[in-house]
Amino acid sequence: MEKLNDKCLPNKEMFHNILTNSSISNRDYNHALTVFEAFECKTFSNYLEIYQNVDVVMLAEIFLSFRRTSMQSYHLDPVYFITSAQLTWNAGLKIIKVELQLLGNVNEYLWFEKSMRGRVCLLGRRHAIANNPYRSENYDETLPSNYILALDANNLYGFAMSQFLPVGNFSWLDSEELSKFNVLELRYWLNIRR
């Protein structure tokens, strides 16, 4: 803190960027000296205060410009959104004019909440025996067929973000429909449930 009471800027050697492992250029250091003198700084603390004020004003100007653009384009004020993701979501809903169906009961909401996943998804077993009709040496006709499947899926998030989101007409499969459900025939199921 006592460095803030220094009566001049630190030497050029003190302005070292550890991220790029480089020193300040002569041009930038001369600019800092010019600012120090032009604003009649008495201490390094005065210079730091000017630097912070300029930084805050520049950020405020950028945000005001973003705010004007958002108000003109979407009639939404970013001030009322905690994250840009919230603003983007609301702008998207406003542009496509879709009305989201609210879930009818708490169990539906809890099911969606419980189904949210993230990070690495893995369903695994230490030991499994397949009853695969395509591998005749181990196939038992008296038992139901089952298979072992190993998938390495990449870009799941990118794929998911390029798909349409469900907005309504939610329905549940009964146990008979669930036993016949095949994810590879999803388009068929989407049409039949409408």
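1. In this predicted model, F170 is partly exposed, its relative accessible area being 31%.

2. W111, F112, F170 and W172 together make up one aromatic cluster. Across the whole structure, a search finds 7 aromatic pairs. One of them joins W111 and F112, an edge-to-face pair with 5.1 Å from centre to centre and 85 degrees between the planes.

3. F112 also pairs with F170: the ring centres are 5.6 Å apart and the planes stand at 65 degrees, so this pair is edge-to-face, the cut-off for that class being over 60 degrees.

4. How exposed is W111? W111 has a relative accessible area of 40% and is therefore partly exposed. F112, at 30% relative accessibility, likewise counts as partly exposed.

5. The backbone deserves a separate remark. Most residues other than glycine have a negative phi. N169, although not a glycine, has a positive phi of about 55 degrees. This residue is placed in the loop between α5 (156-161) and α6 (175-180). With a relative accessible area of 71%, N169 is exposed.

6. Where is N21 placed? N21 sits in the loop between β1 (16-17) and β2 (22-23). Its phi is positive, about 55 degrees, although N21 is not a glycine. Because its relative accessibility is 60%, N21 counts as exposed, the cut-off being over 50%.

Terms used. Residues are numbered from 1 along each chain as its sequence is written. This is a predicted model: local features need pLDDT of at least 70, side-chain atom pairs count only at pLDDT 80 or more; totals for chains, interfaces and linings use all residues. Side-chain values use heavy atoms; hydrogens and water are left out. Helices (H or I, at least four residues) and strands (E, at least two) are DSSP runs, numbered from the N terminus. Buried means under 20% relative accessible area, exposed over 50%, partly exposed in between (1.4 Å probe, protein chains only). Rings of Phe, Tyr and Trp (its six-membered ring) pair if their centres lie within 6.5 Å; planes under 30 degrees apart count as stacked, over 60 as edge-to-face and the rest as tilted.
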